[in-house]
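Keep the coordinates open while reading.

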Amino acid sequence: MCGIAGWVDFGRDLTEERPTVDAMTDTLGKRGPDARGVWIAPNAALGHTRNSIIDLAGGVQPMSAEEDGRELAVLAYTGEVYNFKQLRTELEGRGHRFRTRSDTEVVLRSYVEWGTGCANHLEGMFAFAVWDVRREELVLIRDRMGIKPLFYKTLPEGLLFGSEPKALFANPLVRPTVDADGLRELFSTAKVPGQSVFKELRELPPGHTLTVSRRGAVLHRYWALEAKPHTDDLDTTIATVRSMLEEIVTRELVADVPLCTALSGGIDSSAITALAAIARAQAGDDAVRTITATFVGYSENFTPDDQRDTPDAPYAAELARHVGADHTDIVLGTADLIDPAARQAAIIAQDMPTMLGDMDTSLYLMLRATREHSTVALTGETADEIFGGFKWLHDEELVGMETFPWVAAEKRQQGSSNGQGRGLFSAGLLGKLDMYGYYADNYRTTQAETPHQEGESVREHRMRELSYAHLARWLPMLLDRGDRLAMASSLETRVPFCDHRLVEYVYNTPWEFKIFDGREKSLLRAATRDLLPKSVIERPKSPYPVTQDPTYTQALHREFGAVLDDSNSPVLPYLDVDAARQAIKDPSGVAHEWHSRSNIEMALGFDFWLRTYGVQIDV
């Protein structure tokens with residue numbers, strides 16, 4: 001996995017802007033610690049930082065394609081194209097010659113052969129930029145599911161782009177300004193495609209290309225979910241899911257560097273781990289390595305909450321024994337979670353604060369520890385979105401509400417009754433933002449764009465809407481979080497369940513198939529039942545863990561009290577200070593619940609963000 005940045009400007013000579021291009025590229029050093037390169041022409045500049053995964057000696061970027069001594073195109077690419085070997089064979093049959101073993105050169109040659117149509121040939125996760133020397137135009141392309149991020153800002157005569165907003169902020173033409181829509185997006189858990197938190201930035205939507213020339217910028221959608229008749233019976237559907245997963249996991253194990261799986265002990269990551277163990281054994285490789293994040297005393301003192309019924313570590317350990325994995329627990333304590341450097345690193349990785357608090361910090365620390373022995377990690381992300389794993393999808397009251405069910409679920413908890421992470425911000429600010437109006441508009445748009453099949457029952461129609469909402473509005477938040485926190489430690493994460501072919505197949509599977517045994521994720525359970533211990537198969541959905549140590553909350557309260565006592569704290573004008581002071585005095589159990597804690601974590605993160613990024617709030 002790598003970092004890309006660049007600048008196209010038809011109104012200036014970019015060969016004189018090398019220091020700025022270098023600065024943009026250098027911000028992405030953690031995404032690519034192994035190599036760095038910059039290519040500059042009068043009207044275009046591409047920067048690249050490399051995290052070497054395949055063909056460690058080759059694959060240096062930016063990479064140029066030439067014919068008869070003439071430069072055709074230059075590529076800056078991040079991602080993994082899992083069908084690159086097949087594409088290479090096809091392209092060789094079309095007369096292309098290769099000088100490396102890398103998928104990078106296959107992507108470049110695919111563009112030379114098919115232009116922007118190359119996106120339809122690529123299977124995997126990717127975001128890349130091609131400067132077409134022949135046409136004098138820039139092409140940006142992002143994978144179908146939006147696994148790899150790509151941000152841009154249009155200019156009067158060109159465009160700036162980068163894997164992360166921080167790359168664009170290194171250019172003096174961009175300032176970190178956030179308007180009302182940006183704050184809405186910051187506080188939202190239902191992301192609007194293409195919308196960025198920052199006023200001047202856009203995010204290239206998943207499944208899109210953007211072509212920039214002297215004539216302007218043209219956005220084009222090359223892929224979208226479609227509703228298609230599902231003709232397979234239940235047994236065939238289960239068998240198809242299994243065979244698809246076997247093929248997907250096997251090809252996502254290809255790497256020239258150490259690899260592991262992130263194992264929670266839930267069915268998603270356990271299925272990936274079990275399939276990886278089988279594939280590695282068949283290939284004669286060493287046992288699969290597994291990593292689990294937990295907290296000091298967590299399993300012994302665990303108390304169920306509104307989302308989590310069981311702790312991860314015991315189930316992960318049992319699965320690791322079951323498949324003979326080389327297993328490691330990353331055990332974190334309050335000192336780790338409250339460490340300002342770790343919490344700030346999680347914010348800087350994402351270029352913004354989030355309401356996830358210690359979940360972000362612990363994930364960052366777990367991924368950082370993983371990178372000490374592995375360069376690639378497979379995760380179970382996206383299984384809940386496609387197979388229907390979330391608790392709120394099985395709550396008839398929430399399913400029946402005219403909004404995103406996870407937004408409706410927030411209101412049930414005392415600590416998030418006004419919205420997750422927003423509880424301590426001022427009524428004046430929240431009134432201007434009108435978050436529930438924002439959600440309502442987004443929800444109606446999501447409903448309108450949902451692809452349906454003819455003849456759906458009322459129930460099927462509703463559940464298809466919610467399945468699409470999870471894929472198009474909820475999943476982008478998780479994919480971006482996972483990528484950014486992993487790449488902050490130069491760790492590549494792969495998401496087998498995000499394979500677009502699997503997503504398409506399961507999306508068109510009837511809801512009744514997905515709950516045929518009366519439980520969530522029935523299809524996945526049936527497809528992997530023979531691979532996993534009974535305890536894992538029967539374990540209810542349990543999201544990423546949060547610490548339950550009360551000393552963490554106490555430490556947060558002390559830190560927040562210092563912020564409130566500092567009249568120069570930049571967050572103060574945006575807070576309900578009286579409510580904030582009351583929150584840190586509250587000794588009740590509610591104050592220690594993760595919903596309530598997230599209000600303080602968000603306020604602290606917001607303060608650090610304003611101080612560090614120099615964000616201008618324009619509302």
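Start at G115. Just after helix α3, this glycine takes a positive phi of about 65°. The model is predicted, and every value here is computed from it.

**Helix α3**

Helix α3 covers residues 103-114. Does its length fit its residue count, or depart from it? At 1.5 Å a residue, its 12 residues should span 16 Å. The end C-alpha atoms are 16 Å apart, so the two values agree.

α3 is mostly covered, with 11 of its 12 residues buried. Among the buried residues are D103, E105 and R109, along with V106, V107 and L108. Y111, V112 and W114 are buried too. What do the buried residues of α3 pack against? Their partners are strands β4 (63-67) and β5 (70-81), helix α2 (84-93), and strands β6 (124-132) and β7 (137-142).

**Aromatic pairs**

The structure holds 22 aromatic pairs.

Why does the pair of Y77 and F128 tie together separate parts of the sequence? Y77 lies in strand β5 and F128 in strand β6, so the pair links parts that are 51 residues apart in sequence. β5 and β6 are also among the elements that the buried residues of α3 pack against. Y77 and F128 are both buried. Y298 and F302 are buried as well.

One aromatic cluster is formed by F390, W392, F404, W406, Y436, Y439, Y443 and W474.

**Arginines over rings**

R308 lies over the face of W594, at 4.8 Å from the ring centre. The charged end of R539 sits over the ring of Y315, 4.5 Å from its centre. R539 returns in the next section, as a contact of R525.

**R525**

R525 sits in helix α21, which runs over residues 522-528. Is R525 buried or exposed? Its relative accessible area is 1%, and buried means under 20%, so R525 counts as buried.

What is R525 in contact with, leaving aside its neighbours within four places in sequence? The contacts include the charged residues R519, E520, E538 and R539. I267, V536 and I537 complete the list.

Note on methods:
Residues are numbered from 1 along each chain as its sequence is written. This is a predicted model: local features need pLDDT of at least 70, side-chain atom pairs count only at pLDDT 80 or more; totals for chains, interfaces and linings use all residues. Side-chain values use heavy atoms; hydrogens and water are left out. Helices (H or I, at least four residues) and strands (E, at least two) are DSSP runs, numbered from the N terminus. Buried means under 20% relative accessible area, exposed over 50%, partly exposed in between (1.4 Å probe, protein chains only). Contact means heavy atoms within 4.5 Å. The expected span of a helix is 1.5 Å times one less than its number of residues. Rings of Phe, Tyr and Trp (its six-membered ring) pair if their centres lie within 6.5 Å; planes under 30 degrees apart count as stacked, over 60 as edge-to-face and the rest as tilted. A charge sits over a ring if NZ of Lys or CZ of Arg is within 6 Å of the ring centre and within 35 degrees of the ring normal.
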